[in-house]
Amino acid sequence: MDLILEGIWKAITLIVTLDPEVLGITLLSLKVSGTATLISLFFGIFSGTVVALTRFPGRKIVVSLINTGMGLPPVVVGLFVTIFLWRNGPLGFLEILYTPTAIIVAQSVIATPIVTGITLAAMQNLPPKLRLQILALGATRMQMLGLLIREARLPLLAAVMAGFGGVISEVGASIMVGGNIMGYSRVLTTATVMETGRGNFDTAIALSIILLLLAYLINYVLTRIQQRERPR
Amino acid sequence: MKTAGPLLQGRNLLVKRGGIPVLDISDFTIMKGEVLSLIGPNGSGKSTLLLTLSSLLKLYRGKLIFNGSEIDSRRSELDYRRQIAVVFQDPLLFDTTVLENVASGLKIRGMEKKDRTRIAEECLERLGIAHLAKRSACKVSGGEAQRTSIARAFATSPTILFLDEPFSALDPPTREGIISDLSRLLRETETTAIMATHDQMEALRLSDRIAVIQQGKIAQMGSAEEVMNHPVNEFVAAFVGMDTLLTGSVLESQNGRIMIAVGNQKIEAVGNFPVGEQVLCCIRPENVTLSTDSPEEQSSARNNFSGRITRIAPHGLFYRVDLDCGFDLISYITRTSLDSLEFQEGQTVKASFKATAVHVIRKSA
């Protein structure tokens, strides 16, 4: 019991005094996972909308692949991103393995199918004749896409939540492609793994609390927007 | 109704779904200022025709000609869509305020906010829902939502207004109110309109002409009077409410009067058909009067039969009485008549109808 209480106390001290190492790790986590989420939103919303609105041979296979991708194991992504970025791998010339950029790449790969899948579902949930109505109102194709995304904005917020939630808490890929280098590519999850391994439970607990708080805060804000927006 | 030449023409329209033709119409024309209803049962293709005419459905073959020029490119399609408006059965409103919804067509056309708000407010006023302007479109009732959808359509001052079963999801009093408002708006703005509906009463109230759609083809197109009283075939006759359809052959034909043998009975009708011709006699149930069977009572109607009541069933505000007169005859009577005449199933009564109440069609092979 003492171990936990002491750990929590020390953790609170670390957070309240803005311990530079803890602060640095937190900011990097936010930056890396935030960027990855943005990238995944860009690709995910676009491809999800396209798949939702078009009919082509093999579409069912694509949809099932996207759905499978929503549960992509981070370690598998980590493995393949590592291979691609390896010195003599296909993208080795970029020389970004064991950098925060590599983590962004891996996390984008993890989050994109999540965003795509949720976008796809959100678009398919809109009334099928809505597209015709929008076209009948004289919209160009681009205007139609914009209006459809606007109509699906609330379920799309769920995509943001799920995407960010998925990558901020992910550890496997980050440790594999980022290398957990102190002050450089060490993020909340990889630091927690390491500190726990070393028996530094106070720091590990501090990092975990921050992780939980972050996840909670972001979801809280998004939920507030969602609740305010949906009047029905 | 103005007549200024064809506004919209469809030529050789063919639409396929899953490789099967669902619409096949060689020629369709609507004049400026005209209100046309497409009627037909579910699945007849009336909505498909409506969506095709509004360029929202891909044609397998054929072309649309609007104001004399063919709609043949993405550009001309967009130009055309910006001159029409479509109201669907489902209001399909955007998740924003009622006012923003009504202004949405104008916003898409790039109109300044100030101008589009003014026009949208006018339209809301005309549909009697100005008080809902700031309300979220998700929070209004079904009738109010459909009024919003109609206001949104009128906001862009469309050259042609398309309506796809616009009242089907509404309860009768709401429907009544919207139909009369729409009817007034169409007259005031002289908007050309095409409406798909399965309800012939809606069609009669709103339109100048009616087209009956049968299995993806136009079975008959003409004035309401023509279609309702002179259906060209059995399908149209049945759809417009001629419940009694009897096959017979012409026995005598003289001076526009014909005698038709139906089973062992003879029915007198009006028309010119050669003797021996196989024909179909169509009779509206509301044109058949029933009375208790007393021989001294003489009716002015030319067709008097005595028949046994096989079934009495409520039918809307009326009762439907099925008779066996040697042929099957259907009559509608009011509840008051039913009560005063004290009809019972199995009873024999007298049925009368005028020779002019029988619409005769040549029986197609």
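Me: Which residue is the bridge partner of Ser291(B) in E19(B)?
Reply: That's Lys350(B). Strands here are DSSP runs of E, at least two residues long, and helices are runs of H or I of at least four, both numbered from the N terminus. This is a predicted model, where local features need pLDDT of at least 70, side-chain atom pairs count only at pLDDT 80 or more, and totals for chains, interfaces and linings use all residues. Residues are numbered from 1 along each chain as its sequence is written, while chains are lettered from A and ligands numbered from 1 in the order in which they are written.

Me: OK, and how many bridges join E15 to E19 in chain B?
Reply: Four, with E15 (residues 289-292) and E19 (residues 348-353) of chain B running antiparallel. Two strands pair if DSSP finds at least two bridges between them.

Me: What about E16 and E19(B), parallel or antiparallel?
Reply: Antiparallel, over six bridges, with E16 of chain B covering residues 303-315. Gly307(B) has Val349(B) as its bridge partner in E19(B).

Me: Switching to chain A: how many helices and strands?
Reply: 11 helices and zero strands. The C-alpha atoms of chain A fill a box of roughly 65 × 50 × 25 Å along the principal axes.

Me: How far does H5(A) reach?
Reply: 37 Å from first C-alpha to last, for 26 residues (100-125). That's close to the 38 Å expected at 1.5 Å a residue, taking 1.5 Å times one less than the number of residues.

Me: Where's the kink in H5(A)?
Reply: At Ala111(A), about 25°, shortly before the proline Pro113(A). The bend is the angle between axes fitted to the seven residues ending there and the seven starting there.

Me: Is H5(A) mostly covered or uncovered?
Reply: Mostly covered, with 22 of its 26 residues buried. Buried means 20 or more other C-beta atoms within 10 Å of a residue's own, with C-beta atoms placed from the backbone.

Me: Where does UniProt put "transmembrane region" in chain A?
Reply: The unreviewed entry lists several spans, including residues 32-53 and 98-123. Residues 32-53 of chain A are 100% helix, with end C-alpha atoms 31 Å apart, and residues 98-123 are 92% helix, with ends 37 Å apart.

Terms used. Buried ≥ 20, exposed ≤ 12 C-beta atoms within 10 Å, placed from the backbone. UniProt positions renumbered as here; feature names shortened; annotations may be inferred.
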